[in-house]
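Here is a short briefing for a first look. Please keep the sequence and the model in view while reading.

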Amino acid sequence: MIKFRINGAGGNNIGILKNKNESNIYFDGFYLKPDQKDYPSLVRSISPRDLNLYAICDGIGIPSGGDHAAYIAVSQLEKAHDKLYWETFPYWDGIMDSYVRSLNEALLDEAIEMRKDYGVSFSAVGFDGRYIRAYNIGK
(Lines give C-alpha, C1' and ligand atoms only; values in the text may rest on other atoms or scores of the structure.)
Protein backbone atom coordinates (compact mmCIF):
# COMPACT_ATOMS: atom_id res chain seq x y z
CA MET A 1 0.00 0.00 0.00
CA ILE A 2 1.25 3.48 -0.86
CA LYS A 3 1.55 5.79 2.13
CA PHE A 4 0.74 9.43 1.66
CA ARG A 5 -0.52 12.50 3.44
CA ILE A 6 -3.16 14.88 2.18
CA ASN A 7 -2.57 18.51 3.04
CA GLY A 8 -5.49 20.82 2.57
CA ALA A 9 -5.96 24.53 2.91
CA GLY A 10 -8.92 26.77 2.34
CA GLY A 11 -9.65 30.42 2.67
CA ASN A 12 -12.53 32.84 2.68
CA ASN A 13 -12.41 36.41 1.50
CA ILE A 14 -15.17 38.99 1.67
CA GLY A 15 -14.04 40.61 -1.56
CA ILE A 16 -14.80 44.16 -2.59
CA LEU A 17 -18.56 44.00 -3.22
CA LYS A 18 -19.90 42.58 0.04
CA ASN A 19 -19.71 43.76 3.62
CA LYS A 20 -19.52 40.23 5.07
CA ASN A 21 -18.37 36.79 4.07
CA GLU A 22 -21.22 34.55 2.88
CA SER A 23 -19.25 31.35 2.33
CA ASN A 24 -17.87 28.60 4.53
CA ILE A 25 -15.43 25.75 4.04
CA TYR A 26 -15.49 22.22 5.43
CA PHE A 27 -12.23 20.35 5.98
CA ASP A 28 -12.75 16.87 7.31
CA GLY A 29 -14.83 17.96 10.29
CA PHE A 30 -13.47 21.46 10.67
CA TYR A 31 -15.43 24.52 9.55
CA LEU A 32 -15.87 28.14 10.48
CA LYS A 33 -18.27 28.70 13.37
CA PRO A 34 -20.35 31.91 13.65
CA ASP A 35 -17.90 33.39 16.17
CA GLN A 36 -15.01 32.80 13.72
CA LYS A 37 -16.45 34.85 10.88
CA ASP A 38 -13.38 37.09 10.76
CA TYR A 39 -11.01 34.11 10.73
CA PRO A 40 -10.24 33.75 7.02
CA SER A 41 -8.91 30.22 6.61
CA LEU A 42 -8.52 26.69 7.87
CA VAL A 43 -5.52 24.45 7.33
CA ARG A 44 -5.46 20.76 8.18
CA SER A 45 -3.07 17.92 7.53
CA ILE A 46 -4.82 14.58 7.15
CA SER A 47 -3.46 11.08 7.53
CA PRO A 48 -4.45 8.31 5.10
CA ARG A 49 -6.50 6.49 7.74
CA ASP A 50 -9.05 9.31 7.85
CA LEU A 51 -12.09 9.72 5.66
CA ASN A 52 -11.34 12.92 3.80
CA LEU A 53 -14.25 15.19 3.01
CA TYR A 54 -13.79 18.75 1.77
CA ALA A 55 -16.49 21.23 0.77
CA ILE A 56 -17.08 24.83 -0.18
CA CYS A 57 -20.49 26.29 0.62
CA ASP A 58 -21.41 29.68 -0.82
CA GLY A 59 -24.44 31.09 0.95
CA ILE A 60 -27.13 33.14 -0.72
CA GLY A 61 -29.32 35.33 1.45
CA ILE A 62 -31.92 37.82 0.36
CA PRO A 63 -31.67 40.49 1.69
CA SER A 64 -29.04 39.02 4.01
CA GLY A 65 -28.19 35.76 5.70
CA GLY A 66 -26.02 33.97 3.17
CA ASP A 67 -23.37 33.49 5.85
CA HIS A 68 -25.93 31.75 8.04
CA ALA A 69 -27.09 29.54 5.14
CA ALA A 70 -23.47 28.48 4.51
CA TYR A 71 -23.05 27.70 8.22
CA ILE A 72 -26.18 25.54 8.16
CA ALA A 73 -24.74 23.69 5.14
CA VAL A 74 -21.43 22.84 6.81
CA SER A 75 -22.98 21.95 10.17
CA GLN A 76 -25.41 19.58 8.40
CA LEU A 77 -22.45 18.15 6.45
CA GLU A 78 -20.74 17.30 9.74
CA LYS A 79 -23.69 15.01 10.55
CA ALA A 80 -23.46 13.34 7.13
CA HIS A 81 -19.68 12.99 7.54
CA ASP A 82 -20.19 10.96 10.73
CA LYS A 83 -22.41 8.56 8.76
CA LEU A 84 -20.00 8.41 5.81
CA TYR A 85 -17.14 7.48 8.13
CA TRP A 86 -18.83 4.22 9.12
CA GLU A 87 -20.09 3.26 5.66
CA THR A 88 -18.28 1.89 2.64
CA PHE A 89 -18.00 3.79 -0.61
CA PRO A 90 -21.03 2.35 -2.45
CA TYR A 91 -23.33 3.85 0.19
CA TRP A 92 -21.96 7.39 -0.06
CA ASP A 93 -24.43 8.49 -2.74
CA GLY A 94 -27.41 7.62 -0.56
CA ILE A 95 -25.90 9.41 2.44
CA MET A 96 -25.07 12.48 0.36
CA ASP A 97 -28.59 12.44 -1.10
CA SER A 98 -29.96 12.35 2.45
CA TYR A 99 -27.62 15.24 3.34
CA VAL A 100 -28.98 17.36 0.49
CA ARG A 101 -32.56 16.63 1.54
CA SER A 102 -31.88 17.45 5.20
CA LEU A 103 -30.01 20.61 4.19
CA ASN A 104 -32.93 21.76 2.04
CA GLU A 105 -35.35 21.09 4.90
CA ALA A 106 -33.14 22.94 7.41
CA LEU A 107 -32.77 25.95 5.09
CA LEU A 108 -36.51 26.05 4.39
CA ASP A 109 -37.41 25.77 8.09
CA GLU A 110 -34.95 28.53 8.96
CA ALA A 111 -36.14 30.75 6.11
CA ILE A 112 -39.76 30.41 7.23
CA GLU A 113 -38.87 31.08 10.86
CA MET A 114 -36.64 34.07 10.08
CA ARG A 115 -38.81 35.30 7.17
CA LYS A 116 -35.81 35.41 4.84
CA ASP A 117 -34.87 33.73 1.60
CA TYR A 118 -31.85 31.43 1.96
CA GLY A 119 -29.91 29.28 -0.40
CA VAL A 120 -26.49 27.75 -0.81
CA SER A 121 -24.31 26.33 -3.54
CA PHE A 122 -22.22 23.37 -2.49
CA SER A 123 -19.19 21.62 -3.96
CA ALA A 124 -17.47 18.73 -2.21
CA VAL A 125 -14.95 15.98 -2.75
CA GLY A 126 -14.60 12.88 -0.60
CA PHE A 127 -11.81 10.32 -0.48
CA ASP A 128 -11.89 7.09 1.52
CA GLY A 129 -8.42 5.78 0.67
CA ARG A 130 -9.57 3.96 -2.47
CA TYR A 131 -12.10 6.13 -4.26
CA ILE A 132 -12.60 9.83 -4.90
CA ARG A 133 -16.13 11.13 -5.23
CA ALA A 134 -17.17 14.68 -6.22
CA TYR A 135 -20.48 16.43 -5.56
CA ASN A 136 -21.81 19.77 -6.79
CA ILE A 137 -25.12 21.48 -6.14
CA GLY A 138 -26.04 24.97 -7.24
CA LYS A 139 -24.13 27.42 -9.38
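## Strand 6 and its surroundings

In strand 6, Ser123 is the bridge partner of Ile56. The model is predicted: local features need pLDDT of at least 70, side-chain atom pairs count only at pLDDT 80 or more, and totals for chains, interfaces and linings use all residues. Residues are numbered from 1 along each chain as its sequence is written, and side-chain values use heavy atoms, with hydrogens and water left out. Helices (H or I, at least four residues) and strands (E, at least two) are DSSP runs, numbered from the N terminus.

- Five strands form an open sheet in the order 3-2-5-6-7, with antiparallel pairing. Two strands pair if DSSP finds at least two bridges between them.
- Strand 3 (30-31) and strand 7 are the edge strands, and each pairs on one side only.
- Strand 5 (residues 52-62) pairs with strand 6 in the antiparallel sense over eleven bridges. Ile62 stands opposite Asp117 in strand 6.
- Strand 6 also pairs with strand 7, in the antiparallel sense, over six bridges. Here Tyr135 in strand 7 is the bridge partner of Ala124.
- Strand 6 and strand 7 form a hairpin with four residues between them. Gly129 in the turn has a positive phi of about 100°.
- Strand 6 is mostly covered, with eight of its eleven residues buried. Buried means under 20% relative accessible area, exposed over 50%, and partly exposed in between (1.4 Å probe, protein chains only).

**The helices across the sheet**

- Helix 1 lies across strand 2 (23-27), strand 3, strand 5 and strand 6. Its direction is at about 150° to strand 5.
- Helix 2 lies across strand 6 and strand 7, running at about 160° to strand 6. Axes are lines fitted to C-alpha atoms, for helices over the stretch in contact (heavy atoms within 4.5 Å). Angles run from 0 to 180 degrees between N-to-C directions.
- The buried residues of helix 2 include Trp92, Tyr99 and Leu103. The buried residues of helix 2 pack against helix 1 (66-86), strand 6 (117-127) and strand 7 (132-137).
- Arg115 follows helix 2 and has a positive phi, near 55°.

**The salt bridge**

- The structure holds one salt bridge (a side-chain nitrogen of Lys or Arg within 4 Å of a carboxyl oxygen of Asp or Glu).
- The side chains of Asp97 and Arg101 meet in it at 3.1 Å, N to O.
- Asp97 and Arg101 are about one helical turn apart, because they are four residues apart in helix 2 (residues 92-114).
- Asp97 is partly exposed at 37% relative accessibility, whereas Arg101 is exposed at 53%.
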